[in-house]
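This report looks at one helix and its surroundings, and then at the disulfides. Please keep the sequence and the structure in view while reading.

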Amino acid sequence: MSYTLLPPNAHFARSSCAPPRIQLHILCGFVSGFLMALCTLLLYNHYQIETVQQRQHTTASTYWQTGYMMALQEVATEADSLQQQLGERVRVLCMVLTSPDQHASHAKHVKATWGKRCTRLIFLSSEADEELGAVAVVEREADNYDDLWNKTREGFRYAYEQYYDDYDWFVKADDDTYMVMENLRYMLYAYQPEIPIYFGYQLVRYDVPYMSGGAAYVLSKEALRRFMTTAFHNSTLCPRAQKFGIEDFYMGVCLQNVGVHLADARFALSASDNKPKFMPLDLHTYMSTDNATQLSEWLLTMTPHAVESGLNCCSNYSIAFHYTSPWRMYMYEFFIYHFRAFGVQHHAKSLPAKLSLAEVTRLFPSNYSDYGKPLVDLDARNRPDNF
């Protein structure tokens with residue numbers, strides 16, 4: 001066996017002269033690796049940029065949302081604070097006239113809507129209903145429209161005997177009246193309950209001004225005291241209990257004769273707001289564009305000022321609407337307390353300044369002189385038989 005010796009560099013020379021295919025593979029691998037590294041670097045850099053941007057966006061969004069929520073909370077807190085102040089300082093007892101036949105069809109809907117915002121809610125009926133909160137103030141056979149004056153008298157007697165010391169203002173309303181209690185308290189805040197005054201929608205009958213009963217009216221603590229201690233048992237000052245009595249008119253007579261100021265609520269809030277706040281009709285009638293739906297002739301005749309319809313009919317701080325069906329009560333609840341128009345905010349207002357007796361007298365002057373001489377003469381020969 002013989003061996004052939006190769007030159008010392010022969011092996012290296014053979015290796016360096018690799019076939020072209022191998023060289024191409026090496027070159028492709030190099031280029032591919034370079035491109036992958038470059039792409040990885042670019043993607044990483046892009047990821048870092050996006051991460052920073054996302055972090056900035058998230059931070060900005062968080063700051064914006066936090067600021068927005070803080071602003072809403074500030075407004076809500078301010079409103080809640082004002083509502084809490086009003087609730088604590090303006091204690092309102094609501095007396096709602098109803099009857100056994102209306103307990104389920106009307107009264108319970110008052111209790112489920114605006115009535116729950118009264119400081120205390122009681123229903124005046126001829127049949128007690130513990131679940132509803134109704135008390136019997138008249139006999140069943142005397143519980144009809146013709147006996148409304150007697151029922152109202154007895155209702156105020158009950159409120160005076162049971163709750164006089166606990167509340168500042170006493171509302172009389174019907175079970176088809178809807179009231180915005182926040183607006184009522186807002187109006188009443190400026191007035192001292194020790195001042196003899198009552199508020200409502202002013203009407204005139206037989207040249208005597210008084211407040212509409214259907215639209216609801218509100219007596220101060222002192223007005224109720226005078227009604228019960230001076231007028232109630234004095235037939236010279238206050239019409240006696242009788243059938244066919246005109247409840248709201250009679251109440252106006254009684255209160256004027258004991259020196260209570262009749263405060264037309266149009267002027268009770270501010271000089272810039274002179275629209276009615278207690279409405280004797282339902283809102284639909286005021287807003288209707290149908291020529292067939294017109295304002296009642298009695299309202300136009302008995303109201304001592306021009307009666308408007310449409311958007312000018314009522315104050316933005318309206319308080320009460322009469323002839324409100326149960327389903328409309330829930331509609332008002334939705335639009336007042338649930339409905340929101342995005343971007344529209346009604347900022348809380350500051351509470352009005354307290355008014356002195358002199359300021360109240362200037363706003364709502366009274367012709368009352370003394371208890372011995374009634375302002376409205378009940379014994380006048382030319383008065384109607386059912387006066």
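## What helix H10 packs against

In this predicted model, the buried residues of H10 pack against helix H3 (103-112), strand E5 (178-179) and helix H8 (283-287). These buried residues are Pro326, Arg328, Met329, Tyr332 and Glu333. Seen down the axis of H10, they fall within an arc of 155°, so they line one face of the helix.

H10 itself covers residues 326-337, which makes 12 residues. From its first C-alpha to its last it reaches 16 Å, close to the 16 Å expected at 1.5 Å a residue.

## Disulfides between separate parts of the chain

A disulfide is a covalent bond between the sulfur atoms of two cysteines. The structure holds three disulfides.

Cys94 and Cys118 form one of them, with sulfur atoms 2.1 Å apart. The pair links distant parts of the chain, 24 residues apart: Cys94 is in strand E1 (residues 92-97), and Cys118 is in the loop between H3 and strand E2 (120-125). The torsion about their S-S bond is about -95°, so this disulfide is left-handed. Cys94 and Cys118 are both buried.

In the disulfide of Cys238 and Cys254, the sulfur atoms are 1.9 Å apart. Cys238 lies in the loop between helix H6 (221-231) and helix H7 (247-256), and Cys254 lies in helix H7, so the pair ties together parts that are 16 residues apart in sequence. This link is right-handed, with 75° about the S-S bond. Cys238 and Cys254 are buried.

## The Cys313 and Cys314 pair

Cys313 and Cys314 also form a disulfide, with sulfur atoms 2.1 Å apart. It is left-handed, with -90° about the S-S bond. Cys313 is buried, with a relative accessible area of 3%, and Cys314 counts as buried at 10%.

How values were computed:
Residues numbered from 1 in each chain as written. Predicted model: local features only at pLDDT ≥ 70, side-chain atom pairs only at ≥ 80, totals over all residues. Heavy atoms only, no water. Helix = DSSP H or I, 4+ residues; strand = E, 2+ residues; numbered from the N terminus. Expected span 1.5 Å × (residues − 1). Buried < 20%, exposed > 50% of the residue type's maximum accessible area, 1.4 Å probe, protein only. Arc of directions from axis to C-beta. Contact = heavy atoms within 4.5 Å. Disulfide = S-S within 2.5 Å.
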